[in-house]
Amino acid sequence: MLKYILKRLWETIPTTFGILLLTFTLFNVIGGSPAMTILGKNATKESIAEFNHKYGYDKPLIFAKDSQFSNFILNLSKGDFGYSIEHKEPVISVLKRGVGPSLSLTVPILIGGVILALMLAVVSAANRGGAVDKFILLVSTILMSVNYVVWVLAGQFFLGYKFSLFPVWGYDGIGYLVLPIAIGVFSSLGVDIRFFRAAVLDEMYKPYILTARAKKLSKMKILFVHVLGNALIPIATYVSLSIPYLFTGSLLLESFFGIPGLGQVSINAIHSADMAVVRTVVVLGALLYQFVNLLSDLLNAALDPRVRPL
């Protein structure tokens, strides 16, 4: 197991370097001059030169000791993500304000959605081919067929405007989060139920389950101890891929409901050409995605010995 952990950690080094190099290239080379983007096409040569000197854009790009790329890596290692032109403060301060609202929205959506979908998937798989199974499959198909934006607009119109059950804009308390959380859970429920049901059914008809039935083990023990225990391996991988979105926030929900999370911060930064904020969100999102993949692989190796190298 230790050999596998060390191998996976070693493999993350070139991947991390590639992420940083690609991000730097996209924002500093392909994206054009940051000075022209922020100052505008009518900026004078003097103002452009002053801007480039202030933020280090007049240095060599990569192939130099004191290059933009080396400074980019050095600053990231020190937790310095740059300076926000729009907010007139360090990027880290902008992100700190958005993390709380984003997590208060996305964490309940993830946990609530996974628990509800897993419960319905187990019930559906346990009654395969029956009326309950067909009903759950029908509901999940309908949920998958409705566009995400439709759920948002319908929820705001009927539950917020028509019946005045929930506020539809702002972030002044937990009451403002109930409706977006409910929409986030139900909009992803159909896909999750289908995947979890398939994972459970994949285990239900394997030889070791037939052996357990032959030993007269109870149906509940077979389902929750043997079937669900092994089905959690692909389910854990599936769920772990959603974790990076806890950080980056929900762009649509935060925009429609006026929640000042990282999703809304990212959109505002794109509109105002605040490239330091956009670049930081992209870099942290990519690194977090890689970190979660690493944890997912290690978790799979811990749960399933077949994954580990000999």
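User: What makes glutamine 264 count as buried or exposed?

Analyst: The model is a predicted one, and the assignment rests on a computed relative accessible area. For glutamine 264 this area is 17%. Buried means under 20%, so glutamine 264 is classed as buried.

User: Where does glutamine 264 lie, and which residues does it touch beyond those up to four places away in sequence?

Analyst: Glutamine 264 belongs to helix H13, which covers residues 262–271. With residues up to four places away in sequence not counted, glutamine 264 touches Glu254, Ser255, Gly258 and Ile259. Each of these contacts has heavy atoms within 4.5 Å.

User: Why is methionine 36 called partly exposed?

Analyst: The relative accessibility of methionine 36 is 34%. Buried requires a value under 20% and exposed one over 50%; 34% lies in between, and therefore methionine 36 is partly exposed.

User: How much confidence does the predictor place in the protein, and which elements have the lowest and the highest mean pLDDT?

Analyst: The average pLDDT is 86, and 96% of the residues score at least 70. Among the elements, helix H11 (residues 244–248) has the lowest mean, 70, whereas helix H6 (residues 131–145) has the highest, 93.

User: What secondary structure does the protein have, and how many of its residues count as buried?

Analyst: The protein comprises 14 helices and two strands. Of its 310 residues, 38% count as buried.

User: What makes a set of residues here the largest nonpolar core, and which members touch the most others?

Analyst: Membership calls for buried nonpolar residues joined through side-chain atoms within 4.5 Å. The largest such core has 26 residues, of which Phe196, Val200, Val227 and Ile235 touch the most other members. Helix H5 (91–126), H6, helix H8 (175–204), helix H9 (207–214) and helix H10 (219–240) each give two or more residues to this core. A second, separate core has 18 residues, including Phe69, Phe72, Val265 and Val281.

User: Which residues does valine 227 contact beyond its neighbours within four places in sequence?

Analyst: Valine 227 is in contact with Val200, Glu203, Met204, Tyr208, Ile209 and Ile222, once neighbours within four places in sequence are left aside.

User: What is the volume of the second largest pocket, and which residues lie nearest its centre?

Analyst: The second largest pocket contains about 470 Å³ of space. Its lining has 25 residues, and Tyr55, Tyr57, Asn75, Gly82 and Arg279 lie nearest the centre. The lining divides into 14 nonpolar, seven polar and four charged residues.

Conventions: Residues are numbered from 1 along each chain as its sequence is written. This is a predicted model: local features need pLDDT of at least 70, side-chain atom pairs count only at pLDDT 80 or more; totals for chains, interfaces and linings use all residues. Side-chain values use heavy atoms; hydrogens and water are left out. pLDDT is the predictor's confidence in each residue, from 0 to 100. Helices (H or I, at least four residues) and strands (E, at least two) are DSSP runs, numbered from the N terminus. On a 1 Å grid over the protein atoms alone, a cavity is a set of points where a 1.4 Å probe fits but cannot get out, and a pocket is an open set with protein on both sides within 12 Å along at least five of seven lines; lining residues have an atom within 4 Å of a point. Grid points are joined across faces, edges and corners, and a volume is the space filled by probe spheres set on the points. Ala, Val, Leu, Ile, Met, Phe, Trp, Tyr, Cys and Pro count as nonpolar, Asp, Glu, Lys and Arg as charged, and the others, Gly among them, as polar. Buried means under 20% relative accessible area, exposed over 50%, partly exposed in between (1.4 Å probe, protein chains only).
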